[in-house]
Amino acid sequence: MRTLEFNYEYAMNFLDSDELACFGPTVRNARNLLVNREGEGSDYLGWLDLPENYNKAEFAAIKEAAEKIRKDSDVLLVIGIGGSYLGARAAYELLAANRPEGPDREGKTELYFAGNNLSSLYIENIKSKLAGKDFSINVISKSGTTTEPAVAFRIFKELLVEKYGADEAKGRIYCTTDRKRGALKQMADEEGYRTFVIPDDVGGRFSVLTPVGLLPIAAAGIDVDALLRGAADMRKTALGAPLEENPALLYAAVRNLLHRKGKSVEILVNYEPNMQYIAEWCKQLFAESEGKSGKGIFPASVNMTTDLHSLGQFIQDGSRIMFETVFEIEESGAEIMLKKEEKDLDGLNYLDGKTLDFVNRSAMKGTMKAHVEGGVPNLIVRMPEQSAYWLGQLFYFFEFAIGVSGYISGINPFNQPGVEMYKSNMFALLGKPGYTD
């Protein structure tokens, strides 16, 4: 079984020769806390076995609903915030959006995303893009009262009813919410909306392989069977392989060793623009899991080679507080051959016969070498191609690694006490009953 690769050769100069071996017992102990469900937050480890123990009946219902959406909707509007949309958006941007036109793109349902901000202009822009298109809504919320998605759902539900009438609109609304309680569950029961369940033992940022992520991903035409198969294969490796052969454990170990040497910022680097939302999904996973009790590695991201012309200077010569984790894809998915011109005014004829992907990879390798020489360790997470199977491996790889990493740091990786603090201030300013400044 082939698995995702983790390469830390470009960080070895920053570690002592026996440091990783000496750190092994700490990593294995953290791994055992996770796998044996003995650590803090163990009530939220449903994701750990999810690729093998998912609800088969609900999975079939997800695929049936996705097929209906693809038949009657040009657009599925995904309403959610944080973990309720980032996984689906990461998968969509990587595997479905901005693909070349052709037979494999015909009849595909687009995903639009709302409920992740409070911008009037953003909402109006989506409303204008929906004009003349058939659409359905997937609203995702455990409670149904989170401000951003709740506001968006009110607005777009009204638009849906105006377009189709109340009866048909009901058949175009899909609610992913709590099994038994909450405002959205109550509304769905009263109005007759189709519902899917957010498992009680899976937190939002770990929910991409539940109906939270699977319904919109399937509606976009992405192979969710392959996605889960990839996650299941990575699970076998993560749970079963020894530290020396386990990419998830090695990643957790090396990033924590670098952190202990003062590397407090992890920059997630991509050289393919459609991986930007993979980094966004990772940033939430990392920040909410590790950023507490005055601890944690701050996650940031850059899009290369674009950001070499803006942030590149700081990474190369700025404060030495960072390390980089580079997403590498072996096959680009497209081939563009460069040719020489009669007049070599731009000086690029030396690239004659080379592919654009070769140029991109050369930029990546040259950048890594320069940054390492400038004092920035580089880690590489490598997957062979952009496909649902390998994305499933990637999702599980990071979830498992961050669970272990949190326990290495001595914190509960599965709560987020600081997330709620801003809400009281906002509700007081809005005049919500029960809240005062």
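Analyst: The buried residues of helix α12 are covered by elements that include α4 (86-95), α11 (247-260), β7, β8 (298-303), β9 (322-329) and α15 (388-408). Here helices (H or I, at least four residues) and strands (E, at least two) are DSSP runs, numbered from the N terminus, and contact means heavy atoms within 4.5 Å. The model is predicted: local features need pLDDT of at least 70, side-chain atom pairs count only at pLDDT 80 or more, and totals for chains, interfaces and linings use all residues. Residues are numbered from 1 along each chain as its sequence is written, and side-chain values use heavy atoms, with hydrogens and water left out.

Helix α12 has 15 residues, 276-290, and its first and last C-alpha atoms are 21 Å apart, close to the 21 Å expected at 1.5 Å a residue; that expected span is 1.5 Å times one less than the number of residues. Among the buried residues of α12 are Y277, W281, L285 and F286, where buried means under 20% relative accessible area, exposed over 50%, and partly exposed in between (1.4 Å probe, protein chains only).

Strand β7, one of the covering elements, spans residues 265-270 and holds N270. N270 is buried, with a relative accessible area of 1%. Not counting residues up to four places away in sequence, N270 touches M275, Q276, V302, N303, M304 and F327.
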